[in-house]
Structures are given as structure tokens and as C-alpha cells.
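Biologist: I am new to this structure and would like to learn how to read it feature by feature. Could you take me through it slowly, giving the general idea before the particular case?

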Amino acid sequence: MEQLRHEQWRGNTAGQPWMHRLLIASLRYLNLRFVYLGMALFVVPFYMLLARRGYRSMYHYFRLRHGYGAVRSFCGVYLNHYRFGQVIIDRFAAYAGRRFQMEPDGYSEFERAVSAPQGIVILSCHVGNYELAGYTFRSTEKRYSALVYSGEAQSVMENRQRLLQHNNMRMIPVSSDMSHIFVLNEALANGEIVSIPADRLFGSPRYVECDFLGSKARFPLGPYALALQREVPTLALFVMKESAYRYKVYIRRIEADPIPYKNRKEQAANLAQHFAYELETILRKYPEQWFNYYEFWNHDRQ
């Protein structure tokens, strides 16, 4: 039951297809700052009142993981919901053809990895706006395969596909029979880039526990085991919102410590811990851009 509670918030874009089409059409012309203002005044308070589970998990995140007081934690929850709304709006703005400034930090790591003959594993997670990177950066040397949640709204998936296909990228939906693992393995064997969410279990019972923001948290074993099995470079990529039209993209090389290990799982756990360190560094700088709306550290609260 503990594991099921940890996984039960999957995350998908709310609304009907006609709402999505209307939003896309509107964002071709509207100033994003005015859209943000309307969301801050009306939408964010509505969600904070109705989405109680998400509210509680975020309150615990600020209160327990960052050590904020009660009032500051409440303000943190509001700002978090506001940032999440901005991220969603920015995705639809990208579908409408709007462009955002992307400031890379550590791009040389990506260039070095791309120039090598083997494949690359890029670890993503539910912070910032990772999706925008796929619409901005093009990979001409290697095809880019991104593992995505299969339960997303159809209109969103169609718009993603429309934009990604021009950047030599494809989506691989998570499948219940785990057949997506074979597709990812094949892509790496062909020297391609594979992007995998590295912070959610997606129904898999295989996980490792890492020190993360002052406590133990569960991270999926699969992405790290896959990178080690294929012996490919592993990068973490974080796309963090800085202002209305600007994001900063952090690219970091993730490597396990060069020490003897008892087995491959222990080495994968070490690799996961280094990813957790990088993620923690990002969240210390952007605490409001953490978008896992469930008790990520739920085993602390039994």
C-alpha cells in the first residue's frame, strides 16, 4: 500500500480537447504576463481549495524538506501552484508557435556526449519545464527518444508529436507490459539519445532509496540500471523558469563513484544518489518548481 500511495499521482493535463484548442488559439496573440495575472488571481486559489491532496503534499514539502515556517510554507504552496500554471501555459504557448529564450548552463557536457559514438541517457524529472527543451534544441547527430506517460490528454500528445518530429525526436509511451524497455534498449544500441523520467516509479517495484532534501526518498532503479548496462554517458537536464519568456537549462554529467561495488544494483544506487544530489541543488535554488503532487517522502509519514 505504501508503494501504491507513492505512485498514485501520475499527472496529466486537465481540460477537454476544445479547451486546449481555444487556449492555443488565444496564446498566439495574448501577452503571457496578462494570462499569468488572470491565473494568479482566479485559477490558483481555486486549485488550492479543491486539490487538497496536492496542497497537503506541497505544504509538507516546504515545511519538512525546506524547513519553512507555517506562513512561509503556505506562501510557498501558492507560488508553487502559480509556477506550475505558468509551466502549463508556456507549453500551450509553444504549441501556438511562441518561442522562449533558453540560456544553457553546461552545454559543453551535452556536446561532448553527442560527439561520442555510443548512445546517451538523459535523466529528466518533474521540476521546471523539461518539455520545452525538446521544442527548442535540435539533435542532428543522434535521434532523440523520449519516454512519456501514456495517459496524457490526446490533444497534448498530438501537439507534442507535431513539434518534436521536426527536431529529430520521437515519443515512446510507457506501456503496462514494460515493452518500452526493449525500445529504449534498441535506441541506445543504435547510438541514440534516450530521455527517461528519473523521479517516479511508474508502477515498477524496482527502486533505490537516496538521501534527498534531508530524508530518504525512493527513486526508480530502471533509468540508472539501463545507463550502466549500456555503459553510456548519463546526463541530467533541468529546464527552470527564470522570467516570463526566459528559461535556464542546466546540463550536468552524472557518474557513479569509481569504487568497487558488490553488484550492479549497488552501482545503480550510487548513480541515483548523484542524480538526487544534483536535483537537490536545483531545488535549493528553485524550491517552488517541484511538481510532484503526492507525498514523495510518504514512508516518513507512516
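**Reading the sheet, the helices and the open spaces**

Modeller: Let us start with strand 8, which is mostly covered, since 8 of its 10 residues are buried; buried means under 20% relative accessible area, exposed means over 50%, and partly exposed lies in between, with a 1.4 Å probe and the protein chains only. Helices (H or I, at least four residues) and strands (E, at least two) are DSSP runs, numbered from the N terminus. This is a predicted model, in which local features need pLDDT of at least 70 and side-chain atom pairs count only at pLDDT 80 or more, while totals for chains, interfaces and linings use all residues. Residues are numbered from 1 along each chain as its sequence is written, and side-chain values use heavy atoms, with hydrogens and water left out.

Biologist: Which strands pair with strand 8, and in which sense, parallel or antiparallel?

Modeller: Two strands pair if DSSP finds at least two bridges between them. Strand 2 (120–124) runs parallel to strand 8 and is joined to it by 3 bridges, with isoleucine 122 standing opposite leucine 235 of strand 8. Strand 8 and strand 9 pair in the antiparallel sense over 8 bridges, and there phenylalanine 238 has tyrosine 250 of strand 9 as its bridge partner. Strand 8 and strand 9 also form a hairpin, with 2 residues between them.

Biologist: What is the order of the strands in the open sheet?

Modeller: The open sheet has 7 strands in the order 1-9-8-2-5-3-4, with mixed pairing. Strand 1 (101–105) and strand 4 (169–173) stand at the edges with a single partner strand each, so one side of each is left without a neighbour in the sheet. Neighbouring strands of this sheet are turned by 25° against each other on average, direction ignored; axes are lines fitted to C-alpha atoms, for helices over the stretch in contact, and angles run from 0 to 180 degrees between N-to-C directions. As a general point, the side chains in a regular strand alternate between the two faces of the sheet.

Biologist: How many bridges join strand 3 and strand 4, and which helix packs on the sheet touching both strands?

Modeller: Strand 3 (residues 144–148) pairs with strand 4 in the parallel sense over 5 bridges, and valine 148 has proline 173 in strand 4 as its bridge partner. Helix 8 (residues 154–164) packs on the sheet and touches strand 3 and strand 4, its direction making about 150° with that of strand 4; contact means heavy atoms within 4.5 Å. Helix 6 (residues 107–115) lies across strand 1, strand 2, strand 5, strand 8 and strand 9, and runs at about 55° to strand 9.

Biologist: Is leucine 213, with its positive phi, buried or exposed?

Modeller: Leucine 213 has a phi near 55°, a positive value in a residue other than glycine, and is found in the loop between strand 6 (207–212) and strand 7 (215–220). Leucine 213 is buried, with a relative accessible area of 1%. Glutamate 231 likewise has a positive phi of about 55° although it is not a glycine, and lies in the loop between helix 10 and strand 8, but at 64% relative accessibility glutamate 231 counts as exposed.

Biologist: Which residues does histidine 180 touch?

Modeller: Histidine 180 lies in helix 9 and counts as buried at 5% relative accessibility. Leaving out residues up to four places away in sequence, histidine 180 touches Leu147, Ile172, Pro173, Val174 and Ser175.

Biologist: What lines the second largest pocket?

Modeller: On a 1 Å grid over the protein atoms alone, a pocket is an open set of points with protein on both sides within 12 Å along at least five of seven lines, whereas a cavity is a set where a 1.4 Å probe fits but cannot get out; lining residues have an atom within 4 Å of a point. The second largest pocket is lined by 21 residues, of which Met178, Ile181, Arg206, Gly222 and Pro223 lie nearest its centre. Helix 10 gives the most to this lining of the second largest pocket, with 5 residues.

Biologist: How many cavities of 30 Å³ or more does a search of the whole structure find?

Modeller: The search finds 2 cavities of 30 Å³ or more, a volume being the space filled by probe spheres set on the points, with grid points joined across faces, edges and corners. The largest cavity has a volume of about 70 Å³, and of the 12 residues that line it, Ser57, His60, Tyr61, Glu295 and Trp297 are the closest to its centre.
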